[in-house]
Amino acid sequence: MADQVTLPAEADTVSFGESLGRQLRAGDLVLLAGPLGAGKTVLTRGIAAGLGVSGRVSSPTFVLARVHPAGARGVPLVHVDAYRLGGDLAQLDDLDLDTDLEASAVVVEWGEGSAERLSSDYLVVRLERRDDDVRVATLEPHGSWKERV
Ligand SMILES: Nc1ncnc2c1ncn2[C@@H]1O[C@H](COP(=O)(O)OP(=O)(O)OP(=O)(O)O)[C@@H](O)[C@H]1O
Ligand SMILES: [Mg+2]
């Protein structure tokens with residue numbers, strides 16, 4: 001996967017998420033960075049499709065975290081909004097999520113700056129919104145992710 005991907009339309013962001021989602025394994029941590037409306041939730045919809053999990057992806061703002069049950073790949077998706085968790089992802093463990101984080105792929109919106117504490121191996125996907133509304137995604141791999149993307 002290239003370090004930087006240009007995403008002219010929403011559908012492109014979804015397809016990019018799908019290709020990322022197909023690569024995700026149990027225990028993976030992906031942090032989505034970028035301002036309000038950058039496309040973090042849209043990207044997560046693609047990731048969910050690539051992982052083959054069930055349940056509609058929507059903004060987790062009012063639920064803190066949502067578990068999408070595993071499909072054929074056997075890996076559930078945990079979709080988190082760290083903004084509402086007040087940046088304290090230690091709380092994730094206290095949410096009584098009906099899944100084992102080690103057995104799931106975890107995608108965290110606004111997770112940069114706190115989710116790193118969950119693991120030293122993580123991928124940051126930074127979404128920028130250009131003036132012409134095109135999104136540009138930049139991949140920033142950390143730890144073992146450096147050998148993967
Ligand atoms: N190329 C694009 N990629 C993604 N979204 C796009 C694109 N072009 C336009 N959009 C629109 O931008 C919005 C992105 O919203 P989204 O909820 O994914 O942002 P977000 O980063 O999750 O915001 P928040 O920080 O509020 O959670 C959607 O309304 C989508 O239709
Ligand atoms: Mg969002």
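This is a predicted model: local features need pLDDT of at least 70, side-chain atom pairs count only at pLDDT 80 or more; totals for chains, interfaces and linings use all residues.

I began with Thr41, which is buried because its relative accessible area is 18%; buried means under 20%, exposed over 50% and partly exposed in between, with a 1.4 Å probe and protein chains only. Glu109 is buried too, with a relative accessible area of 4%. I then looked up the magnesium ion (ligand 2), and it is coordinated by Thr41 (OG1) and Glu109 (OE), at 2.1 to 2.2 Å. The pair joins distant parts of the chain, 68 residues apart: Thr41 sits in helix α2 and Glu109 in strand β5 (residues 105–109). Donors here are N, O and S atoms within 2.8 Å of the metal (3.2 Å for Na, K and Ca), and water is not among the atoms, so sites may look incomplete.

Residues are numbered from 1 along each chain as its sequence is written, chains are lettered from A and ligands numbered from 1 in the order written, and side-chain values use heavy atoms, with hydrogens and water left out.

Which residues come nearest to ligand 1? Of the 16 around it, they are Glu10, Thr13, Gly37, Lys40 and Thr41; near means a heavy atom within 4 Å. By class, I find 8 nonpolar, 4 polar and 4 charged residues in the shell, with Asp, Glu, Lys and Arg as charged, Ala, Val, Leu, Ile, Met, Phe, Trp, Tyr, Cys and Pro as nonpolar, and the others, Gly among them, as polar. Helices α1 (10–23) and α2 (40–51) each supply at least two shell residues, and α2 gives the most, with 3. Helices (H or I, at least four residues) and strands (E, at least two) are DSSP runs, numbered from the N terminus.

I also checked the backbone: an N or O atom of Gly37 lies 2.9 Å from an oxygen atom of ligand 1, and one of Val42 lies 2.9 Å from a ligand 1 oxygen. The protein covers 74% of the 650 Å² of accessible area that ligand 1 has on its own, by the Shrake-Rupley method with a 1.4 Å probe.

Leu20 lies in helix α1 and counts as buried, at 0% relative accessibility. Leaving out residues up to four places away in sequence, Leu20 touches Met1, Val30, Ile47, Leu123 and Val125, where contact means heavy atoms within 4.5 Å.

Note on methods
A polar contact is a pair of N or O atoms within 3.5 Å; within protein, one must be able to donate a hydrogen and the other to accept it, and residues adjacent in sequence count only if both atoms are side-chain atoms.
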